[in-house]
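Try each task before reading its solution.

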Amino acid sequence: MSETQILIDEPGFDRMISRLAHEIVEHNHGTSDLVIIGLRTRGVYVARRIREKIAAIEGVELPLGVLDVTLYRDDVRQHLRQPEVRASDIPFDISDRHVILVDDVLFTGRTVRSALDALIDFGRPRTIQLVVIVDRGHRELPIRADYTGKTIATSRGQEVRVRLREVDGSDGIDLVTLQDT
Amino acid sequence: MASLTIDHLIGLDGVPREDIALILDTTDTFLEVLDRPVKKVPTLQGKTVVNLFFENSTRTRISFELAERRLSADVVNFSVGTSSVSKGESLLDTARNIEAMKVDMVVMRHSAAGACEFLRRRCTSRFINAGDGAHEHPTQALLDMFTLRREFGTLEGINVCIVGDILHSRVARSNMFGLVTMGANVAVCGPPTLLPRHVDRLGVRVFTDIDEALAWCDAVNVLRIQLERRAGGYFPTLREYHDVYGVTAERLDRLSRRIAILHPGPINRGVEIDSDVADGPQSVILRQVTHGVAVRMAVLYLLGTKTE
């Protein structure tokens, strides 16, 4: 049994992406040397949306990359799980660029930790800035987001789902409370 | 969640299609890693891999070692001259020593068929066969298949002909098993003395005329002719072998289409293949070498991180 509560609907989601895009451009004084990299899988869709918004605001299409962090995950090394490993695709040099790293949900921080290690192997960016749609707390590492769509206080038994049109048919944020039967 | 069903890679005989597909898909990822400025990922940090080579090998050992180091594994090389090993007892001794050293994975080459399986049964480590006698050489076949898949987009339905000394070739055997499993049409071609009897039972076609074979296939995998086979009486002279079975530019020019040329190396130029073919535009031989590292990384990753 589980109970789903819709926290953000489709228009709200679009406004959130707009705000994040504006914040990124404002903080970086424009778009020069900005590149955007999405974390597989959902971060990639979010990254595309933010990129489209920035193109609409500034008329500039940022270089877009895809990062798969499986090979850098600590839980894979510890034999806790073996997820499918897929290719990263960063068709540009990230050295001396400002990397906008995008993921859907920030939780323990372990995925972002892996992503930082992975990115450093691709080059030496001037900065790495983290964008997440939801920060749900419960960090296990000293990591924070630079741009946050929504901060949601959750319990560990709850799950936050960022819905995306490309995979789920609609946009939004749901809070799912898992109940013991 | 994708995991291999196999726990060791001894051969491709009996390995299910899903496993081979997973290895080839994972290889795509590692090929991308090899293009990065830092060609190394931390995935096998803290794991120890022993390269146990009882038979001389340069390229396979280097390829495995690079793959292991690029996954951040600790690597120990253990080369034993064939002469110092009397099979059976000393192999078992070696097995016990490996066990005592607490290694995680063993990559093994031996001149005796079945040697890898023999040790695997007596050890707790994960084993990868890097060639055992005339039995199997699975990672070579996987890199050949990966190269073919990149060349043609699929293995299903493509015509692949293996030419040369099929009788003594572990590369041929592994390729036949793997390719047939993946739905390719496979043929072998060579002097009748170098074709195993009943090879057609493996589901492959048999050609003894190289021109017919080349006309049939989309890709040809040319095997090295070991010079000492002539002394064994399998064919009269190297020159005659070249005349009758050599893959030459002249033969390729007579075909109505371009076929891909593979060779597991090292090449005997002017024997089984001409220089202008080996270095020509249809050759994917050096790509095979690059793919070899990526395939071995994929196998090491999938076996080395497999959950218990």
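**Exercise 1.** Find how strand S1 of chain B pairs with S2(B), and over how many bridges.

*Solution.* This is a predicted model. Start with S1, residues 48–53 of chain B. Its pairing with S2(B) is parallel and runs over six bridges. Next, pick one residue: B:Val49 has B:Val75 of S2(B) opposite it.

**Exercise 2.** Work out the strand order of the sheet in chain B, then say which strands stand at the edges.

*Solution.* Step one: the order is S2-S1-S3-S4, four strands in an open sheet with parallel pairing. Step two: S2 (74–79) and S4 (126–132) of chain B each have a single partner strand, so they stand at the edges, and one side of each has no neighbour in the sheet. Step three: from one strand to the next, the twist averages 15°. H2 (residues 59–70) of chain B lies across S1, S2, S3 (105–110) and S4 of chain B. H2(B) runs at about 180° to S1(B).

**Exercise 3.** Describe how helices H5 and H6 of chain B pack.

*Solution.* First, locate them: H5 covers residues 138–152 and H6 covers residues 170–181 of chain B. Their axes are 8 Å apart, at an angle of about 55°. That angle makes H5(B) oblique to H6(B). The crossing is right-handed. Now list contact residues. H5(B) contributes several, including B:Pro138, B:Leu142 and B:Met145. From H6(B) come others, among them B:Val171, B:Gly178 and B:Leu179. Finally, sort the contact residues by type: six are nonpolar, four polar and one charged.

Notes. Residues numbered from 1 in each chain as written. Chains lettered and ligands numbered in written order. Predicted model: local features only at pLDDT ≥ 70, side-chain atom pairs only at ≥ 80, totals over all residues. Axes fitted to C-alpha atoms, helices over the stretch in contact; angles between N-to-C directions. Helix = DSSP H or I, 4+ residues; strand = E, 2+ residues; numbered from the N terminus. Parallel < 35°, antiparallel > 145°, perpendicular 65-115°, else oblique. Left-handed = near helix turned anticlockwise from the far one by under 90°. Contact = placed C-beta atoms within 7 Å. Nonpolar A, V, L, I, M, F, W, Y, C, P; charged D, E, K, R; others polar. Pairing = 2+ DSSP bridges.
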